[in-house]
Amino acid sequence: QMRTPDLVQAIAASVRAVLPSTVDVTVKMRLGVDEHDSFEHLVDFVRIVSAPPASVTRFIVHARKAILGLSARENVEVPPLRWEWVEQLCKLFPNLQFDLNGGVQTLEEVDDLLSSDKGFAGIMVGRAVRDTPWDLLAHADSRIYGRPRTGTDNVLQEVAAEYARYADEQMAMQHAAVAASEEIRQRPHERR
C-alpha cells in the first residue's frame, strides 16, 4: 500500500479510533514498491500517514523496496538495502520514531546501530533470528537492555534435556500403543 498513503492513513485512523490513546498505532513498511520508490515518495508517505487523524508516530521500516512479482525470498535478496534512507527519515522527522529492519545479522550490529547517532528508535532482526535463534536471543536482554543474566548459560542445555524427556515419553507411549495393538492382533479369536 506504499502507492496509496491516503488509504494507509485511513486504515491507521480507524485503528487509532478504537484504541486507547496510550496504545501506539505503528506502520510496518518498505521504502517503496516497484517504480514508486523515490525518497520523495517515501517522505510523502510518512508525512501523510503521520498526520491526524491517524497520527502514527512509529514506523518499522524494512530498508529496501518491494518488487511485485518477486518471491518473498527474492524480495529480501534482490532490492538493495538503504539504511541511509531510514537514517534520513529520523533526521527529517525528529518527532517520529523509526525502527530499522533489514539485513541486521548480529547483536553487535544491533548494539552499534542503537548506540550510534543515526536516530533509530529500534532495530528489528528477522531472518537472522529465524536462522540462528539461540545465537541472537539467548543474550539479547542482557546485551541490549542491560538486564542481569539470570542463569541463561545453562538454558540451552535445560531446553535440550527437557525436550529429550518429552521425546522419551512420546516414544514410550508409541511403543506401548504398538505393543498393545500387536497383542490384540495376535488374539484373533477374541475379536468379534
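This is a predicted model: local features need pLDDT of at least 70, side-chain atom pairs count only at pLDDT 80 or more; totals for chains, interfaces and linings use all residues.
**Helix 4.** I looked up which residues of helix 4 (residues 83–92) are buried. They are Trp 85, Val 86, Glu 87, Leu 89 and Cys 90. I then checked what covers them. The cover includes helix 2 (39–50), strand 2 (58–62) and strand 3 (97–101).

**Helix 1.** I picked Gln 9, which is found in helix 1 (residues 5–18). Gln 9 is buried, at a relative accessible area of 9%. Leaving aside neighbours within four places in sequence, I found Gln 9 in contact with Ile 48, Val 49, Ala 51, Pro 52, Pro 53 and Ala 54.

**Patch.** I noted a nonpolar surface patch of about 470 Å². Leu 7, Ile 11, Val 15, Val 18, Leu 19 and Val 23 make it. Val 23 sits in the loop between helix 1 and strand 1 (26–30). Its relative accessible area is 33%, so Val 23 is partly exposed.

**Salt bridges.** I found 11 in the structure. In one of them, Arg 3 pairs with Asp 34, with the closest N and O atoms 2.8 Å apart. This pair links distant parts of the chain, 31 residues apart: Arg 3 is in the segment before helix 1, Asp 34 in the loop between strand 1 and helix 2. Arg 3 is partly exposed at 42%, whereas Asp 34 is buried at 15%.

I also checked Arg 165 and Glu 162. Their closest N and O atoms are 2.7 Å apart. They are 3 residues apart in helix 9 (residues 155–185), so about one helical turn separates them.

Technical notes. Residues are numbered from 1 along each chain as its sequence is written. Side-chain values use heavy atoms; hydrogens and water are left out. Buried means under 20% relative accessible area, exposed over 50%, partly exposed in between (1.4 Å probe, protein chains only). Helices (H or I, at least four residues) and strands (E, at least two) are DSSP runs, numbered from the N terminus. Contact means heavy atoms within 4.5 Å. Patches are made of residues with over 30% relative accessible area and no salt bridge: like charges are joined within 9 Å, nonpolar side chains (Val, Leu, Ile, Met, Phe, Trp, Tyr) within 5 Å. Accessible areas come from the Shrake-Rupley method with a 1.4 Å probe; for residues, only the protein chains shown count as cover. A salt bridge is a side-chain nitrogen of Lys or Arg within 4 Å of a carboxyl oxygen of Asp or Glu.
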